[in-house]
Amino acid sequence: MRRIRPIYGAAAAIACGHPAATAAGWESLAAGGSVADAAIAAAAVLAVALPHACTLGGDAFMLYHDAKSGQTSGLNASGRSPIATDTVSLEPAALERGPRSCTTTGVIGGWKALHSRFGKLPWAQVLARSFAMAENGFPASPGLAEATVAYRMMLEQDPGASRLFLQDGPLVEGVLFRQPALAATLRAIAMNGADGFYRGPAASTISRYVQSRGGWLCEDDFSGYAPE
């Protein structure tokens, strides 16, 4: 019978889906950062280490409790539908997967809003481990390797995804996996804040690609985004 052991700590606790993300969060706290800094640092690393589960294209929902003031704040960084969405021609099946299911990514705007209000460390320092890890690579986890096998047919339908995840067939557990384009995007965000994504090459590249596949996402969707 498996026993789940409780973990005790005197100052803080961090739980993540990948050891590198936990390390990034702890490094932020050890450097004098806030819980917000640690959460963003960990989330950014997860977008690198678990691309089959966490990406820069997602949403973010947060509850932040300040023990000193007793105040709890909520953040809704979900993505909005594209401005040009045609609800008349939109079929329900298209909402499940594909270019017309895309909403404006909200997660980066959510990170920035959280950091602006509660962050202590420099923005670039918070994201440093994430873009270094994407650039230098990391050993592919069993879950990531298995995902490239399970979703191989879908990955093969997209040239970019195929080049990244299926270079020599599905990823093999433990093989060094690099994501240079993701590293460049994370560096742009580290240097220029949320504008490095919402008003930079990433927004224009994603918009052009989605539209080339029949979707509606455009640069105005990105530049006009703000979380609640």
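In this predicted model, Thr104 sits in the loop that runs between E2 and H3. Is Thr104 buried or exposed? With a relative accessible area of 2%, Thr104 counts as buried, because the cut-off for that label is under 20%. Setting aside neighbours within four places in sequence, the contacts of Thr104 are Asp59, Gly79, Arg80, Leu217, Asp221, Phe222 and Tyr225.

Leu90 belongs to the loop between strand E2 (71–77) and helix H3 (107–118). Which residues does Leu90 contact once neighbours within four places in sequence are left out? They are Thr85, Leu95, Arg100 and Trp216. Ser101 is 11 residues from Leu90 in sequence, and the two C-alpha atoms lie 9.7 Å apart in space.

Next come the cysteines. Searching the whole structure turns up 0 disulfides. As for accessibility, Cys102 is partly exposed, at a relative accessible area of 27%.

Then there is the nonpolar interior. In soluble globular proteins, nonpolar side chains tend to be buried together. Here, the largest nonpolar core takes in 55 residues, and Leu56, Ile108, Trp111, Leu114 and Leu127 have the most contacts inside it. The top contributor to this core is H2, which supplies 10 residues. Leu56 itself touches Ala47, Thr105, Val107, Ile108, Trp111, Leu182, Thr185, Leu186 and Ile189, if residues up to four places away in sequence are not counted.

What about empty space? Rolling a probe the size of a water molecule over the atoms shows where such space is left. The largest pocket holds about 2,300 Å³. Its lining is made up of 49 residues, with Thr55, Asp158, Ala161, Phe165 and Tyr209 the closest to the pocket centre. Two or more lining residues come from each of helix H5 (142–150), helix H6 (152–156), helix H7 (159–165), helix H8 (180–192), helix H9 (195–198) and helix H10 (201–212). Sorted by class, the lining of the largest pocket has 29 nonpolar, 15 polar and 5 charged residues.

The second largest pocket has a volume of about 280 Å³. Its lining counts 16 residues, and those closest to the centre are Ala13, Ile14, Leu29, Val35 and Ala38. Helix H1 (19–30) and helix H2 (35–49) are the elements that give two or more residues to this lining. How many charged residues does the lining of the second largest pocket have? There are none: the lining splits into 14 nonpolar and 2 polar residues.

Helix H1 also holds Thr22. Thr22 is partly exposed, its relative accessible area being 25%. Apart from residues up to four places away in sequence, Thr22 touches Ile14 and Cys16; Ile14 is one of the residues closest to the centre of the second largest pocket. Gln211 is 189 residues from Thr22 along the chain, and 37 Å separates their C-alpha atoms.

Notes. Residues numbered from 1 in each chain as written. Predicted model: local features only at pLDDT ≥ 70, side-chain atom pairs only at ≥ 80, totals over all residues. Heavy atoms only, no water. 1 Å grid on protein atoms, 1.4 Å probe; cavity = no way out; pocket = protein on both sides within 12 Å on 5 of 7 lines; lining within 4 Å. Points joined across faces, edges and corners; volume = space filled by probe spheres on them. Helix = DSSP H or I, 4+ residues; strand = E, 2+ residues; numbered from the N terminus. Nonpolar A, V, L, I, M, F, W, Y, C, P; charged D, E, K, R; others polar. Core = buried A, V, L, I, M, F, W, Y, C linked by side-chain atoms within 4.5 Å. Buried < 20%, exposed > 50% of the residue type's maximum accessible area, 1.4 Å probe, protein only. Contact = heavy atoms within 4.5 Å. Disulfide = S-S within 2.5 Å.
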